[in-house]
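Visitor: I would like to learn how to read this model feature by feature. Where do we begin?

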Amino acid sequence: MVWIGALEGVQHERRNKPMKWPSQRLATSSKKSFGMFQEAAELARSGVDLIRLEVGRPWADTPLHIKEAAKAALDAGIVHYGDFRGTLTLRQALVEKLKTFNKLDVHHDEILVTNGLTHASFAAFMAGIDPGDEVILLEPYYPQHVGKVQMAGGVVVTAPLDASDNYSIKRELIESRITPRTRMIVLVNPANPTGRVYSRAELQILADLAIKHDLLVLSDEVYEFITYDNAEHVSIATLPGMRERTISCFAFTKAYSMDGWRIGYVVADQALMPGMLAVTMNDVTHVNVFVQEGALAAVTGSQDCLRAMVATDQHKRNIVVQALNALPNVSCTAPQGSIYAFPEISGTGLTSTALAQAILKDVHVVTEAGGFYGPLGDNHLRVCFGSESEERLVEGMRRLTAFFNKL
């Protein structure tokens with residue numbers, strides 16, 4: 001029959017037409033990349049002795065009292081559904097931490113516990129950005145924020161930091177990027193990859209711009225505790241007029257060596273919280289309850305482990321900066337915070353990607369190409385001194401010295 005033939009033709013056409021996948025929103029957003037981590041993966045699988053100075057994770061194990069608290073929670077039957085916002089006792093403990101350390105006076109319902117800072121910032125972007133809204137990233141920027149902005153329908157706009165002044169914040173460089181479509185500025189403080197800890201005066205520039213142009217500020221403060229040489233970490237939400245327009249994101253990742261635990265939190269004015277809660281309730285319901293008991297132990301227990309880790313990081317920073325400055329055609333300013341050195345390598349005549357790849361191939365040290373953080377970073381490498389033991393770090397510097405002397 002004619003209609004059977006027509007139906008068979010339609011079915012054949014459907015079978016030969018590719019199914020739409022994924023959504024346009026995902027197809028047009030940047031592919032998430034882990035830079036030299038991915039480049040090194042094949043060598044690592046083949047058993048090559050790599051010194052990993054590219055990945056931003058703490059070398060130390062999670063402190064014992066934190067692990068014991070999570071184990072005890074399991075034994076106590078803390079294994080069922082919990083509060084959508086996060087365990088109340090944890091949020092109450094965080095209220096005290098925010099008050100004493102960050103000088104932020106918040107209610108426990110202005111805290112939302114998340115699966116790490118990545119999840120916190122994702123919820124903020126999804127709740128705060130409409131399609132076409134522009135989000136300013138300060139360059140060199142943390143690249144993992146790019147895909148999240150785009151997935152939310154936003155448009156990434158980069159504003160350069162002042163490379164000639166140790167990557168400082170300058171009003172004219174940022175304000176020139178603001179348009180009627182600008183919705184948000186993203187701040188990472190202490191900064192990844194530059195290691196800057198921004199002064200109160202620099203943060204005031206961002207605050208003035210946010211108030212003048214009615215913008216939100218997403219403040220990524222994952223390295224808040226890791227500062228050196230008496231550098232002061234200031235939470236931008238404490239500046240006048242910024243409490244109601246700042247979304248502050250924190251995590252236990254770096255401070256307590258809990259990167260694999262995947263726990264963080266976001267702090268925002270009560271008016272901003274329902275939107276983010278709508279996102280997290282739909283994507284994860286709430287964070288793992290017994291992991292939150294470990295986080296509670298981290299906040300309320302002895303902070304000696306934190307102080308010891310920062311002291312160790314400062315010692316390793318000094319080793320790396322001294323070694324890098326002794327290399328030909330390399331110069332390195334000592335970072336004020338974070339776990340990264342950001343040496344300038346333009347004198348080598350190589351791009352950061354070519355140099356990082358050559359180092360990996362020749363001496364099996366994994367560093368990150370500065371271009372991974374935007375074109376403004378391309379004259380640099382990022383070297384993580386927090387991700388290896390002191391012994392391995394010294395060996396890494398020995399290998400780099402041999403490489404650069406030969407280069």
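Guide: Strand 11 and strand 12 (residues 381–384) run antiparallel and are joined by two bridges. Strands here are DSSP runs of E, at least two residues long, and helices are runs of H or I, at least four long, numbered from the N terminus. Two strands count as paired if DSSP finds at least two bridges between them.

Visitor: What should I know about the model itself?

Guide: It is a predicted model, so local features need pLDDT of at least 70 and side-chain atom pairs count only at pLDDT 80 or more, while totals for chains, interfaces and linings use all residues. Residues are numbered from 1 along each chain as its sequence is written, and side-chain values use heavy atoms, with hydrogens and water left out.

Visitor: Which residue stands opposite Leu-381 in strand 12?

Guide: Ala-369 does. Helix 13 (residues 352–363) packs on this sheet and touches strand 11 and strand 12. Its direction makes about 45° with that of strand 12. Contact means heavy atoms within 4.5 Å. Axes are lines fitted to C-alpha atoms, for helices over the stretch in contact, and angles run from 0 to 180 degrees between N-to-C directions.

Visitor: What is the strand order of that open sheet of three strands?

Guide: The order is 9-12-11, with antiparallel pairing. Strand 9 (340–341) and strand 11 (368–369) are the edge strands, each pairing on one side only.

Visitor: How do strands of a sheet pair?

Guide: They pair through backbone hydrogen bonds, either parallel or antiparallel. A second open sheet here has mixed pairing, with seven strands in the order 2-8-7-6-5-3-4. Strand 2 (111–114) and strand 4 (155–160) stand at its edges with a single partner strand each, so one side of each lacks a neighbour in the sheet. On average, neighbouring strands of this sheet are turned by 25° against each other, direction ignored.

Visitor: How many bridges join strand 3 to strand 4?

Guide: Six, and the two strands run parallel. Val-135 stands opposite Val-156 in strand 4. Helix 7 lies across strand 3, strand 4, strand 5 and strand 6 (216–220), at about 145° to strand 4.

Visitor: How do I tell a cavity from a pocket?

Guide: Both are found on a 1 Å grid over the protein atoms alone. In a cavity, a 1.4 Å probe fits but cannot get out; a pocket is an open set with protein on both sides within 12 Å along at least five of seven lines. Lining residues have an atom within 4 Å of a point. The structure holds four cavities of 30 Å³ or more. The largest cavity has a volume of about 110 Å³. Its lining has 13 residues, with Leu-138, Pro-140, Tyr-141, Tyr-142 and Val-188 the closest to its centre. Strand 5 gives the largest share of that lining, three residues.

Visitor: What volume does the largest pocket have?

Guide: About 730 Å³. A volume is the space filled by probe spheres set on the points, which are joined across faces, edges and corners. The largest pocket is lined by 28 residues, and Phe-34, Gly-56, Tyr-142, Gln-144 and Lys-254 lie nearest its centre. Helix 6 (116–128) and helix 7 (144–151) each give two or more residues to this lining.

Visitor: How many helices and strands does the protein have?

Guide: There are 14 helices and twelve strands. The C-alpha atoms fill a box of roughly 80 × 55 × 50 Å, taken along the principal axes.
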